[in-house]
Amino acid sequence: MDREDLYQVIVERTPSRNLVNHMLAVEAIMRGLAVHFHEDVEKWGLAGLVHDIDYGETKDKPNMHSIVGSEQLHLMGVPEDICYAVRVHNALHGLPRKSMMDKALYAADPLSGLIVACALIRPEKKLAQLDTDFIMVRFKEKRFAAGANRDQMLACQEMGLDLYKFVTIGLSSMKEIATEIGL
């Protein structure tokens with residue numbers, strides 16, 4: 001399946017537009033990271049796009065989230081390395097992050113939530129006015145966007161990135177799709 005086919009599956013299976021927007025945001029971050037690391041932009045983007053494909057079914061069963069999704073993707077013929085990255089992005093499973101794509105998806109997932117939360121507290125509620133410094137201040141506030149796992153974001157260091165550079169890449173990537181995700 002190509003990106004457009006997978007996007008249609010996502011839209012059909014996903015219970016809320018906010019979740020679709022989250023997957024689009026993670027796709028954008030993954031694409032930005034792939035460019036930075038000279039990796040396969042399309043493959044990394046697909047991993048970001050489909051990473052929560054099963055969330056509508058597994059949101060109340062966190063121990064099944066990403067296992068169900070990776071199995072569904074496998075049945076759709078999605079490459080095994082993407083299926084594994086999807087499976088490993090859920091920290092509850094404790095699976096090793098083997099590839100750079102695994103590490104990127106694991107760290108990018110919560111970063112998108114932090115960036116969105118930062119945009120939504122601004123008067124204009126847009127990404128355009130955000131900068132990395134603002135996000136870094138909010139990162140340090142543990143109660144702000146508490147669901148955005150800081151330890152998971154700090155795993156960017158496994159890729160050789162410091163947090164500031166990682167946030168900068170994520171923000172820049174999300175700004176490229178701001179209109180599409182309503183920010």
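At what angle do α8 and α10 pack, and how far apart are their axes? They pack at an angle of about 120°, and the axes are 10 Å apart.

## Basis of the description

This is a predicted model, in which local features need pLDDT of at least 70 and side-chain atom pairs count only at pLDDT 80 or more, while totals for chains, interfaces and linings use all residues. Residues are numbered from 1 along each chain as its sequence is written, and side-chain values use heavy atoms, with hydrogens and water left out.

Helices (DSSP runs of H or I, at least four residues) and strands (runs of E, at least two) are numbered from the N terminus. The UniProt record, in an unreviewed entry, lists residues 15-123 as "domain: HD/PDEase"; UniProt positions follow the numbering used here, feature names are shortened, and annotations may be inferred rather than shown by experiment. Over residues 15-123 the chain is 68% helix and 0% strand. The end C-alpha atoms of that stretch are 28 Å apart.

## The nonpolar core

A nonpolar core is a set of buried Ala, Val, Leu, Ile, Met, Phe, Trp, Tyr and Cys residues joined through side-chain atoms within 4.5 Å. Buried means under 20% relative accessible area, exposed over 50%, and partly exposed in between (1.4 Å probe, protein chains only). The largest nonpolar core here has 62 residues. Those with the most contacts inside it are Met30, Leu33, Leu73, Leu127, Leu130 and Phe166. Two or more residues each come from α1 (3-13), α2 (17-37), α3 (41-50), α6 (80-88), α7 (100-120), α8 (132-139) and α10 (163-175). The most come from α2, which gives 12 residues.

Contact means heavy atoms within 4.5 Å. Leucine 33 is in contact with Trp44, Ala104, Ala108, Leu161, Phe166 and Ile169, leaving aside neighbours within four places in sequence.

## Helices α2 and α7

Two packed helices are described by the angle between their axes and the distance between the axes. Axes are lines fitted to C-alpha atoms, for helices over the stretch in contact, and angles run from 0 to 180 degrees between N-to-C directions. The axes of α2 and α7 come within 9 Å and cross at roughly 135°. That makes α2 oblique to α7, given that angles under 35 degrees count as roughly parallel, over 145 as roughly antiparallel, 65 to 115 as roughly perpendicular and the rest as oblique.

The crossing of α2 past α7 is right-handed. A crossing is right-handed if the near helix is turned clockwise from the far one by less than a right angle, and left-handed if anticlockwise. On the α2 side, the contact is made by His22, Ala25, Val26, Ile29, Met30, Leu33 and Phe37. On the α7 side, the residues are Met100, Met101, Ala104, Leu105, Ala108, Asp109, Leu111 and Ser112.

## Helices α8 and α10

With an angle of about 120° between them, α8 is oblique to α10. Their crossing is right-handed. Thr132, Asp133, Ile135, Met136 and Phe139 of α8 meet Leu163, Tyr164, Val167, Thr168 and Leu171 of α10.

The buried residues of α8 are Thr132, Phe134, Ile135, Met136 and Phe139, and they pack against α7, α9 (150-154) and α10. Threonine 132 has a relative accessible area of 8%. Beyond four places in sequence, threonine 132 is in contact with Tyr164, Val167, Thr168 and Leu171. The C-alpha atoms of threonine 132 and lysine 165 are separated by 8.7 Å, although the two are 33 residues apart along the chain.

## Helices α3 and α6

In α6, Ile82, Cys83, Tyr84, Ala85, Val86 and Val88 are buried. These residues pack against α3, α5 (67-75) and α7.

Valine 50 lies in α3 and is buried, at 1% relative accessibility. Not counting residues up to four places away in sequence, valine 50 touches Leu6, Ile10, Leu73, Ile82 and Val86. Valine 50 and valine 86 are 36 residues apart in sequence and 7.6 Å apart in space, C-alpha to C-alpha.

## Two loop residues with positive phi

Most residues other than glycine have a negative phi. Serine 66 has a positive phi, near 85°. Serine 66 is found in the loop between α4 (55-58) and α5, and is buried with a relative accessible area of 0%.

Lysine 125 also has a positive phi, about 55°. The place of lysine 125 is in the loop between α7 and α8. Lysine 125 is partly exposed, with a relative accessible area of 43%.
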